[in-house]
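These are my notebook entries from going through one model, element by element. I wrote down what I looked up, in the order in which I looked it up.

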Amino acid sequence: MKTGSGGVTLRRATAPDAAAAADVWLRSFDAALPTVVRPRSDDEVRDYFREVVVPLRETWVADADGIVGVMVLNDDLLSQLYLAPDWRGRGLGDRFVTLAKERSPQGLHLWTFQVNKPAHRFYERHGFVAVERTDGSGNEEREPDVRYVWRP
């Protein structure tokens, strides 16, 4: 467990967190990426969190008397980092990235959509470097993306 500042605790997700973590993902995705078409329904996203993300991945949540953020690590892949829209800009993403670097000290990589300029600025501020851009043919959304890498 990682006790945190401001009454927010970063901790490993447990099975009962899956629905709330999925809801944070859904709200954040819709707010941050309004032009990106999601290939899965809300219920499919919730099922995926319940059946795959929480039980099979290294899933962390930000808990402030309710789940307000989620981060998923899969070895050295930072596969998800989403915050409830009203929790953006409060340093929670910084705390998640610090935790990810602690958990994967040899380095990390991630993908983000090319249209998500705030994410580019955020990750670049944390030392990630864009190393690859694609036309989106390799992701479910068919949305152009960019791969970032962080090396210590």
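**Entry 1: a serine in helix 1.** I began with Ser28, which is buried at a relative accessible area of 6%; I use buried for under 20% relative accessible area, exposed for over 50% and partly exposed for anything in between, with a 1.4 Å probe and protein chains only. Ser28 belongs to helix 1, where helices (H or I, at least four residues) and strands (E, at least two) are DSSP runs numbered from the N terminus. Leaving out residues up to four places away in sequence, I listed Leu33, Tyr82, Leu83 and Pro85 as what Ser28 touches, a contact being heavy atoms within 4.5 Å.

**Entry 2: what I am looking at.** I note that this is a predicted model, in which local features need pLDDT of at least 70 and side-chain atom pairs count only at pLDDT 80 or more, while totals for chains, interfaces and linings use all residues. Residues are numbered from 1 along each chain as its sequence is written, and side-chain values use heavy atoms, with hydrogens and water left out. The average pLDDT of the protein is 92, and 96% of the residues score at least 70; pLDDT is the predictor's confidence in each residue, from 0 to 100.

**Entry 3: aromatic pairs.** I then went through the rings of Phe, Tyr and Trp (its six-membered ring), which pair if their centres lie within 6.5 Å, and which count as stacked with planes under 30 degrees apart, edge-to-face over 60 and tilted for the rest. This rule gives seven aromatic pairs. Trp25 and Tyr82 make a tilted pair, with 5.4 Å from centre to centre and 55° between the planes. Because Trp25 lies in helix 1 (residues 18-32) and Tyr82 in strand 4, this pair ties together parts that are 57 residues apart in sequence. Trp25 counts as buried at 11% relative accessibility, and Tyr82 counts as buried at 15%. I also looked up Tyr123 and Phe128, an edge-to-face pair with 5.4 Å between the centres and 70° between the planes; Tyr123 is buried at 8% and Phe128 at 3%. Ring pairs also join Trp25, Phe29, Tyr82 and Phe113 into a cluster.

**Entry 4: a charge over a ring.** At Trp87 I found the charged end of Arg90 sitting over the ring, 4.1 Å from its centre; the criterion is NZ of Lys or CZ of Arg within 6 Å of the ring centre and within 35 degrees of the ring normal.

**Entry 5: the two sides of helix 4.** Which residues of helix 4 (residues 117-125) are buried? I noted Ala119, His120, Phe122 and Tyr123. They lie on the same side of helix 4, because they cover an arc of only 165° around the axis, taken from the directions from the helix axis to the C-beta atoms. Arg121 and Arg125, on the other side, are exposed. The cover over the buried residues includes strand 4 (77-83), helix 3 (92-103), strand 5 (108-113), strand 6 (129-133) and strand 7 (145-150). Just after helix 4, Gly127 has a positive phi of about 90°.

**Entry 6: nonpolar cores.** I take a nonpolar core to be a set of buried Ala, Val, Leu, Ile, Met, Phe, Trp, Tyr and Cys residues joined through side-chain atoms within 4.5 Å. The largest has 27 residues, of which Met71, Leu81, Leu92, Phe96, Tyr123 and Phe128 touch the most other members. Helix 3 gives the largest share of this core, five residues. Apart from it lies another core of 20 residues, including Ala13, Ala22, Val53 and Val54. Back at Leu92, and not counting residues up to four places away in sequence, I listed Val8, Leu10, Ala62, Val68, Leu83 and Trp87 as touched.

**Entry 7: two loop residues.** Most residues other than glycine have a negative phi. Asp75, in the loop between strand 3 (67-74) and strand 4, has a positive phi near 60° and is exposed, with a relative accessible area of 68%. Arg142, in the loop between strand 6 and strand 7, also has a positive phi near 60°, and counts as exposed at 55% relative accessibility.
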